[in-house]
Amino acid sequence: MKSTVVIFFNDWPVYPQGVNAGGGESATMALARAMRKQGYRVIACANLPEGEGTFHDIEFWDFGSGYDLSKIEIRLRELPSYHCLCATLVHPLLLIKNHKQCLSRIVINHAPSIRASGLEPVTMMNIIDRMVCVSHAQRALLMHPSIDSSKIIVVKNGFDPDIFQYAGPENRDWNQLVYIGRVEPSKGIHILLQAYAWLQREFPDLKLSVFGDEQYWPDLLKQKQTLLKNLPGLTFHGKRPQRELATHLQRAGLLVFPSISFESAGLAVVDAQASGCPAIAFGIGGVPEYLVDGVLGKVIYDRSADALLNGIQNLLRDRTTLQNMSQRAEVAGRARPWTVVAKEIAELFEEVASKRVSHSKGQSEDMPFAIKRIQKFSQNSVVDVLEAHEMISSRELVPDSLVESFLTREPQEAWVPLIQGIREEKSGALKEATDYYTRAARLCESTDWQPFFRLAVLHAEQGQAPVAAQYAKQVLTKQPDFQFRPELEKLIELAG
């Protein structure tokens, strides 16, 4: 497995197996799944009303409704190394800013304001390595004279091909309109309802399905029954799982995305195009960067009910154009799955980590603290030394070039073949690792237990209990108060 990626959601409730509130949560969840598919160990930290667990092979850690990040920070200290990604809020990075094992600190901003992170721009940019924007329009909005613009990178959102599968024009109901998003005025739902009332005069068979959280528009509760009575074909579905949304997008004739507030991206537009469903949207924020105007849908720059009405009318009157848009989406709408996004984010944090290591190499101390722990094993606890072993095995934390620069200085020291063995073992080259550990055992001090412990573990994992037991005995001889003495004694006992 590759290195560990820790992803912080914002402080809203998150349901790993359920329905989430908005696009930011959905995007963060999709990125976590894609990172796991890329082979990273993924730890997702969030407000989890249903409790912790492992879902989609991702470890979910709960910071609770009180946004208690301190209990997460304690657990992160136990990780040998990790990359940290934060969705919009920068607060987690304040707690881990002194974690040497944190290889990169990146904020993925889904908000239209740089202050949505909770800090002044200059303060925030001193804490993070990079800020990722999901559109160029968002990046332009977040630019600030006091910050380094090179730290703000655009990585666009993607779609999940396992959920949003393509369906062509053949079985679509062209009289079915779909709205997906929070049900609130800033999302333009009232404009859509007004346009829908007018559209029904020309298209009496027209239907509109509204999917989204209704708690953000309290007045809707007062109007809902009247709307349902006066607008035939209108249905409110509330929050629904993504797979259910995908099913509707495979059958609908048109997605309407009428948001009148700044949209960093517009995830519903991405998912609709991937599903073969044409889309129409107001051209605000990053939406025009995602909706391919005239190819997979229509962008309207006049944010009015009349403009939306005319845009939908023109498409409904031209079924051939709608069918062609749906057909083209099979290729043009599915070019950017979340796995591509995950690779681009990984390239970004690996670049950051590499530069951090290169910078530390040029410092006067010029020696990774992990190597120091191994050299001065007698001055450190067993746990700290074994943590150093784990850290030195990470080529992201300590690249080969840096290790080699140290190994050539004192080739006759026992720690040199020990480190080489640790890295070979990590890569799966067990014979080479055994050879290096054996050489280290010949060169080491009389009290150095490290190569013998590595040999004991290595042989035990290969089912060679008698050999493992012999090395375990040597560890206990060299260090009678060894911290894991009970485990080694158990190994010796099992070997007979």
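Me: A crossing is left-handed if the near helix is turned anticlockwise from the far one by less than a right angle, and right-handed if clockwise. Which hand does the crossing of α17 and α18 have?

Reply: α17 passes α18 in a left-handed crossing. The model is predicted, with pLDDT of at least 70 needed for local features and 80 or more for side-chain atom pairs, while totals for chains, interfaces and linings use all residues. Residues are numbered from 1 along each chain as its sequence is written, and side-chain values use heavy atoms, leaving out hydrogens and water.

Me: Why are α17 and α18 called roughly antiparallel?

Reply: The axes of α17 (residues 415-427) and α18 (residues 430-443) cross at roughly 160 degrees and come within 8 Å. Angles between N-to-C directions run from 0 to 180 degrees, and those over 145 count as roughly antiparallel (under 35 roughly parallel, 65 to 115 roughly perpendicular, the rest oblique). The two helices are therefore roughly antiparallel to each other.

Me: Which residues of α17 and α18 meet?

Reply: With contact taken as heavy atoms within 4.5 Å, Pro417, Leu418, Gln420, Gly421, Ile422, Glu424 and Glu425 in α17 meet Leu430, Glu432, Ala433, Tyr436, Tyr437, Arg439, Ala440 and Leu443 in α18. By class, the contact has nine nonpolar, two polar and four charged residues.

Me: What makes β11 and β14 edge strands?

Reply: Six strands form an open sheet, ordered β11-β10-β9-β12-β13-β14, with parallel pairing. Strands are DSSP runs of E with at least two residues, and helices are runs of H or I with at least four; two strands pair if DSSP finds at least two bridges between them. β11 (234-238) and β14 (297-300) each have a single partner strand, so one side of each is left without a neighbour in the sheet. Neighbouring strands here are turned by 20 degrees against each other on average, direction ignored.

Me: How do you know that β13 and β14 pair?

Reply: Four bridges join β13 (residues 279-282) to β14, and the two run parallel. Phe282 stands opposite Ile300 in β14. As for helices on this sheet, α9 (residues 267-274) touches β9 and β12, its direction making about 160 degrees with that of β12. Helix α6 (residues 189-202) lies across β9, β10, β11, β12 and β13, at about 165 degrees to β10.

Me: Which strands stand at the edges of the eight-stranded sheet?

Reply: That open sheet has the order β3-β4-β2-β1-β5-β6-β7-β8 and mixed pairing. β3 (53-55) and β8 (152-154) stand at its edges, each with a single partner strand. Helix α1 (residues 23-37) lies across β1, β2, β4, β5 and β6, running at about 160 degrees to β1.

Me: Why is β5 called largely enclosed?

Reply: Six of the six residues of β5 are buried (under 20% relative accessible area; exposed is over 50%, partly exposed in between), so β5 is largely enclosed by the rest of the structure. Tyr82, Cys84 and Cys86 are buried on one face, and His83, Leu85 and Ala87 on the other.

Me: How many bridges tie β5 to β6 and to β1?

Reply: β5 (residues 82-87) pairs with β6 (residues 102-109) in the parallel sense over six bridges. Among the bridge partners, Ser104 is that of His83 and Cys102 that of Tyr82. β1 and β5 also pair in the parallel sense, over four bridges, and Val5 has His83 as its bridge partner in β5.

Note on methods: Ala, Val, Leu, Ile, Met, Phe, Trp, Tyr, Cys and Pro count as nonpolar, Asp, Glu, Lys and Arg as charged, and the others, Gly among them, as polar. Buried means under 20% relative accessible area, exposed over 50%, partly exposed in between (1.4 Å probe, protein chains only).
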